[in-house]
Amino acid sequence: MKKTICVGLLLCLLCMLCAGGAVSAAALTGDGSFEEETVGTISNNTEIFSKDWVEKNGLGEAASVIAEEEGNRYLNASGLLELQSAKTVDAPYTFSVDLRTETPKADWLGVFIRTGDVFNLYEWDFYVEKGGTEGTSSIGAAGIVIYPVIDGIRLAVKTRAEGPWGISCVYADILVEGRPDWKEFTNLKVEDDGSVKIYVEDALAATVELSNAGTYPEDAATEIPEYLEGVYYKTAVVKDASGTELFRTDSARVAAEDCYLGFGVRENAIDIDNISIS
């Protein structure tokens, strides 16, 4: 009996250690709201939020603070910053967040799914500016990026591209059922079980089918190879709510391992509330 108990305790400890590097619903410190935080506190100094999310910014000062409006507390993030999950997030999971922005503008304000702990999410990849012609410039280096735009979303997939930095993206602008008004708090939900489903106010907006995990060994030739190491899903097929294919890329940089969630803000502002991972 004692041997059985000892073995059981050892197995429990091993399970806890193995799970320690990834986020699960039980691992989140709070309930995802900001009601227990103090108004005016910068995000990295919050009692609860800072245990699950980390801010980095390019302004040399804090760019996200707890705000309050009509009795509701939320996080206001502005300027040049990223908020990234403090730990990796393993599929399967559901990620949900309420967002609001006065300036829904593609490419400058995005929610990152399956990104890596690499190139800052607010950084511009300068693909077009450096002479690229096979994609477009945008923020971040890896992942699926969801931008709130008028009446819907822009859905982008970061890609490997020829060029000094080796980063680009492809995207589709998608009208969403109900025509969301991002100037009011609007719910964005992502279900990720290896393939990704994206909902806005419970209306299916798009799916992303992922496959062909591997590495890009030629990344060592870029100017920033340290940012690009990792295992990526190389094939991403994006479809709208009806199942119609919008685009496909076979050079995707969507993290297949060590996946993070995040928010990238570049010269813009967004309000964030009610974050959950389950």
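Analyst: Start with a cut-off. A salt bridge is a side-chain nitrogen of Lys or Arg within 4 Å of a carboxyl oxygen of Asp or Glu. Keep in mind that this is a predicted model.

User: How many salt bridges are found in the whole structure?

Analyst: The search finds 11. One of them joins Asp-125 and Lys-158, at 2.6 Å from N to O. Asp-125 lies in the loop between strand 7 and strand 8, and Lys-158 in strand 9, so this pair ties together parts 33 residues apart in sequence.

User: Is Asp-125 buried or exposed? And Lys-158, buried or exposed?

Analyst: Buried means under 20% relative accessible area. Asp-125 has 1%, so Asp-125 is buried. Lys-158 has 0%, so Lys-158 is buried too.

User: Which residues are linked with Lys-56 in a network of salt bridges?

Analyst: Glu-82 and Asp-117. Between Glu-82 and Lys-56, the closest N and O atoms are 3.9 Å apart. Glu-82 sits in strand 4 and Lys-56 in strand 2, so the bridge ties together parts 26 residues apart in sequence. Glu-82 is buried at 1% relative accessible area, whereas Lys-56 is partly exposed at 33%. Asp-117 also has a side-chain polar contact of 3.1 Å with Gln-84. Gln-84 is in strand 4 and is buried, at 5%.

User: What does a buried charge without a salt bridge look like?

Analyst: Glu-55, in strand 2, is buried yet has no salt bridge. The nearest side chain of opposite charge, Lys-56, is 11 Å away. The Glu-55 side chain makes polar contacts with the side chains of Asn-57, at 2.8 Å, and Ser-64, at 2.3 Å.

User: Which residues have the most contacts inside the largest nonpolar core?

Analyst: Phe-95, Ile-153, Leu-155 and Phe-263, in a core of 51 residues. Strand 17 gives the largest share, 7 residues.

User: How many disulfides does a search of the whole structure find?

Analyst: It finds 0. Cys-169 is buried at 1% relative accessibility, and Cys-259 is buried at 7%.

Definitions and conventions
Residues are numbered from 1 along each chain as its sequence is written. This is a predicted model: local features need pLDDT of at least 70, side-chain atom pairs count only at pLDDT 80 or more; totals for chains, interfaces and linings use all residues. Side-chain values use heavy atoms; hydrogens and water are left out. A nonpolar core is a set of buried Ala, Val, Leu, Ile, Met, Phe, Trp, Tyr and Cys residues joined through side-chain atoms within 4.5 Å. Buried means under 20% relative accessible area, exposed over 50%, partly exposed in between (1.4 Å probe, protein chains only). Helices (H or I, at least four residues) and strands (E, at least two) are DSSP runs, numbered from the N terminus. Lys and Arg count as positive and Asp and Glu as negative; His and the chain ends are not counted. A polar contact is a pair of N or O atoms within 3.5 Å; within protein, one must be able to donate a hydrogen and the other to accept it, and residues adjacent in sequence count only if both atoms are side-chain atoms. A disulfide is a pair of cysteine sulfur atoms within 2.5 Å.
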